[in-house]
Amino acid sequence: MKEFFSSNYFLIISLLVLLLLALYREWEDDSLEKEIRKIFCDKKLKNGKKVSIRQPDIFLYYILQHSLNYLFRGIVLRHILDCYIVFPLTIILSLFLQYKYEVGSQSLILFITFMAILWYSKETFASRQQQKGQIKLQKEANEIAIGKPFVFVIKEADGNYVSIKNFGNNTAKNVIVDFLVNGVSEKIINIPVITPHGEEIKYEIEDRLSRLVDSENFNLSVSISYSDFHEKNSYITKFRPNKKVLIVPSKGGFEAISDEKIETKKRTR
């Protein structure tokens, strides 16, 4: 028994078995197949140039570099400190050290404690990452629940006035209202913030624009661009005159003809 556990073959075979087990788990997760395809099929250098097999020195260096990188990043970090490998590995190394080098019981206990601390640290880190992911998902869910802003333009019945109102469930920021005649900008209104279901914001427009609205002239259009409260998503809504659209009996005149969402972290306009 002592000769078996103290032999180098015991250590090498045991480590190979654990490595094959980790590779099998990688294959089950579809990670190994993707990595092999990336290393051997999608061979590209950092500058974007492809690695050719006609360049054997660069080709072999590329394969070796990425294989070792994946071995450490994929196998060691994801699996060596996992419970189904770290505990058998601890037992194997303890037996080998005890029978090969006659390491004392106290040193083995310290070694086992060290491995347990590594495993616990890895589990704690994974738990924290999971909590961060859950918090992020909760924030996204809250944003979805809040909804999106929807800024609408309304024509006042009396006088040359239009009202800008947010009918959505989220605050609209950086609102730009652009009146266009035949695609050419005639009047631009900038509004920093419009709260959801808040009061209408009134603006005076020229007689010419007022007449175009009342005549349902489709050469007139209104483009309203804005972002949500966190400025992660931007929206562009386009309107055209239509007397049939009435918000209340005395207000109306526009219908939405398009509503586009532009996903971005922060609007640059």
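Visitor: Over the ring of which residue does the charged end of Lys148 sit?

Guide: A charge sits over a ring if NZ of Lys or CZ of Arg is within 6 Å of the ring centre and within 35 degrees of the ring normal. Here, the charged end of Lys148 sits over the ring of Tyr235, 4.5 Å from its centre. Lys173 likewise lies over the face of Phe229, at 5.4 Å from the ring centre. Please note that this is a predicted model, in which local features need pLDDT of at least 70 and side-chain atom pairs count only at pLDDT 80 or more, while totals for chains, interfaces and linings use all residues. Residues are numbered from 1 along each chain as its sequence is written, and side-chain values use heavy atoms, with hydrogens and water left out.

Visitor: How many aromatic pairs does a search of the whole structure find?

Guide: Rings of Phe, Tyr and Trp (its six-membered ring) pair if their centres lie within 6.5 Å; planes under 30 degrees apart count as stacked, over 60 as edge-to-face and the rest as tilted. The search finds six aromatic pairs. One of them joins Phe150 and Phe152, and is tilted, with 5.9 Å centre to centre and 50° between the planes. Ring pairs also link Phe150, Phe152, Phe167 and Phe239 into a cluster.

Visitor: Is Phe152 buried or exposed?

Guide: Buried means under 20% relative accessible area, exposed over 50%, and partly exposed in between (1.4 Å probe, protein chains only). Phe152 is buried because its relative accessible area is 11%. Phe150 has 21% relative accessibility and therefore counts as partly exposed.

Visitor: Which strands does the hairpin contain, and how do they run?

Guide: Helices (H or I, at least four residues) and strands (E, at least two) are DSSP runs, numbered from the N terminus. Two strands pair if DSSP finds at least two bridges between them. The hairpin is made of β3 and β4, with two residues between the strands. Strand β3 (residues 172-181) and strand β4 (residues 184-194) run antiparallel and are joined by nine bridges. Val177 stands opposite Ile189 in β4, and Asn182 in the hairpin takes a positive phi near 55°.

Visitor: With which side chains does the side chain of Glu255 make polar contacts?

Guide: A polar contact is a pair of N or O atoms within 3.5 Å; within protein, one must be able to donate a hydrogen and the other to accept it, and residues adjacent in sequence count only if both atoms are side-chain atoms. Glu255, found in strand β8 (residues 251-263), makes such contacts through its side chain with the side chains of Arg240 (2.8 Å) and Asn242 (3.2 Å).
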